[in-house]
Amino acid sequence: MMQNHPAPRQSIDFHQYTLITYIVFFVSAVVSGGLLSIVGVVMAYIKREEMRGTIYYEHMQFLIRTFWITLIASIIGAILSLVVIGFLVLLLVAVWHIYRLVLGMVRLYEHRTVNPYAWLEF
């Protein structure tokens with residue numbers, strides 16, 4: 001049975017692309033309050049299918065889910081800010097977002113996959 005493993009050069013390219021995508025998400029969180037993460041999610045969508053069958057596919061799924069969950073939770077938090085509890089929601093969303101990015105970067109550095117469907121992984 002033939003395994004679907006990328007060629008060594010392609011694997012290096014996927015690794016670098018995934019790393020750059022994580023960096024875009026980090027820069028977005030620090031510099032633009034998350035607005036530039038749109039660039040990161042577009043990057044993830046563009047290469048995701050090409051990376052299917054590799055650990056990098058899971059990383060792209062992880063980043064895409066992180067983006068959408070953060071966006072939806074941030075909107076809910078902004079609406080709830082009218083009744084004060086939203087500020088706590090926004091803080092928790094920001095902490096969770098950074099946690100996911102750090103976890104993903106560590107796993108990428110270790111050449112390990114992530115579970116895009118887990119809320120918290122230890």
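Let's start with Arg 100, which is buried, with a relative accessible area of 2%. Keep in mind that this is a predicted model.

- You'll find Arg 100 in helix 4.
- Its relative accessible area of 2% is under the 20% cut-off, so Arg 100 counts as buried.
- Leaving aside residues up to four places away in sequence, Arg 100 touches Phe 62, Arg 65, Thr 66, Pro 116, Ala 118 and Trp 119.

**Helix 2 against helix 3**
- Two packed helices are described by the angle between their axes and the distance between the axes.
- Here, the axes of helix 2 (residues 37-48) and helix 3 cross at roughly 145° and come within 9 Å.
- That crossing of helix 2 and helix 3 is left-handed.
- On the helix 2 side, the contact uses Ser 37, Ile 38, Val 41, Ala 44, Tyr 45 and Arg 48.
- Helix 3 meets them with Tyr 57, Met 60, Gln 61, Ile 64, Phe 67 and Trp 68.
- Sort the residues of this helix 2 and helix 3 contact by type and you get nine nonpolar, two polar and one charged.

**Positive phi without glycine**
- Val 84 isn't a glycine, yet its phi is positive, near 70°.
- Look for Val 84 in the loop between helix 3 (55-80) and helix 4 (85-109).
- With a relative accessible area of 59%, over the 50% cut-off, Val 84 counts as exposed.
- His 111 isn't a glycine either, and has a positive phi of about 60°.
- His 111 sits in the segment after helix 4.

Terms used:
Residues numbered from 1 in each chain as written. Predicted model: local features only at pLDDT ≥ 70, side-chain atom pairs only at ≥ 80, totals over all residues. Heavy atoms only, no water. Helix = DSSP H or I, 4+ residues; strand = E, 2+ residues; numbered from the N terminus. Buried < 20%, exposed > 50% of the residue type's maximum accessible area, 1.4 Å probe, protein only. Axes fitted to C-alpha atoms, helices over the stretch in contact; angles between N-to-C directions. Left-handed = near helix turned anticlockwise from the far one by under 90°. Contact = heavy atoms within 4.5 Å. Nonpolar A, V, L, I, M, F, W, Y, C, P; charged D, E, K, R; others polar.
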